[in-house]
Amino acid sequence: RGKTAAASFIKNIERVSVTTQNLLEEYVIDVPKMLLLEWIDPPFDGGHWIPRMISLAGCVSPVTSAGTKSHRITWEDVYKADPDVVLVACCGFDLARNLEDARRCVPKLKLLRAYRQNKIYATDGNRYFARPGPSLVGGVGIIARIALDDQSEAVTRLEEICGDLIPKQKKGWDRVDFSEEVVDVEDCVKDFTAAHNAACKDENMTYVDPQTGYQVFTEIAHKKRGKCCGSGCRHCPYNHENVKNKASRIQQPAILYTTSQNISNETLFSSSPVLSPLT
């Protein structure tokens, strides 16, 4: 059974690879320089099997060679590489999250030729790139589809020949639309920083979030607890060290479901539902 699955995996990879490279040659498309970002802030290139996937899809990695580990790079490295295409595939994040993070990174990305030519994409990095398995076929398919994105006839033929081996746009991958307004985290921080600072100055355990009206634990409360509770709290002074799924837990702050400011220490450190974070 395992041999059958492995043979099918290799056959599907070859099908996408051969088809893509033939189309690139037939339509006289220069080999695209494809930069896959495994993390975007700070930037990490895609290592391990990623460069090989890029090569199989008819592209070339401008930063990392096959077989090397993922490593942190600088934005200067990215600018120097001058990729034709950028694919944001942050490890552990789905398509929606990678689209959002790419749009938040406009100040860095807008200096790239790929940004000016509208060739920055995002994908479900967790499913198609981060884990070695059958879904890597879809990852190669995504790179291939993106490489041909400006050639409608080539795209049609690729999808006809490879079928479901190429994940659909808006499901497995998408072009990043930078015209969509994204609220910067720093703008959100400005709204509650003053309230938090005032509460800490008065040595209060909580303060009222100005946007929601909910109660939020202050840094003082967390320090009194003595450790990270693992809930992804907004003012965690322990770098969220006990949060198991940071991607999902820290997207939204830990906000209390009560509007009462009279919370006793017993309630503060109990397992009462009043401590449940908004997720």
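**Aromatic pairs and the central sheet**

Student: Is Phe93 buried or exposed?
Tutor: The relative accessible area of Phe93 is 7%. Buried means under 20%, exposed over 50% and partly exposed in between, with a 1.4 Å probe and protein chains only. Phe93 is therefore buried.

Student: What kind of model is this?
Tutor: Residues are numbered from 1 along each chain as its sequence is written, and side-chain values use heavy atoms, with hydrogens and water left out. Local features need pLDDT of at least 70, side-chain atom pairs count only at pLDDT 80 or more, and totals for chains, interfaces and linings use all residues, the model being predicted.

Student: The structure holds 4 aromatic pairs. Why is the pair of Trp39 and Phe93 classed as it is?
Tutor: Rings of Phe, Tyr and Trp (its six-membered ring) pair if their centres lie within 6.5 Å; planes under 30 degrees apart count as stacked, over 60 as edge-to-face and the rest as tilted. The centres of Trp39 and Phe93 are 5.2 Å apart and their planes stand at 40 degrees, so the pair is tilted.

Student: How many residues apart are Trp39 and Phe93?
Tutor: Helices (H or I, at least four residues) and strands (E, at least two) are DSSP runs, numbered from the N terminus. Trp39 belongs to strand S1 (residues 34–40), while Phe93 is in the loop between strand S3 (85–88) and helix H4 (95–104). The pair links distant parts of the chain, with a separation of 54 residues.

Student: Which residue lies over the face of Phe93?
Tutor: A charge sits over a ring if NZ of Lys or CZ of Arg is within 6 Å of the ring centre and within 35 degrees of the ring normal. For Phe93 the distance from the ring centre is 4.1 Å, and the residue is Arg97.

Student: Which residue of S3 stands opposite Leu37?
Tutor: Two strands pair if DSSP finds at least two bridges between them. S1 and S3 pair in the parallel sense over 4 bridges. Met34 stands opposite Val85, and opposite Leu37 is Val88.

Student: Which side chains of S3 point the other way from Val85 and Leu87?
Tutor: In a regular strand the side chains alternate between the two faces of the sheet. In S3, Val85 and Leu87 point one way, and all of the side chains concerned are buried. Those pointing the other way are Val86 and Val88.
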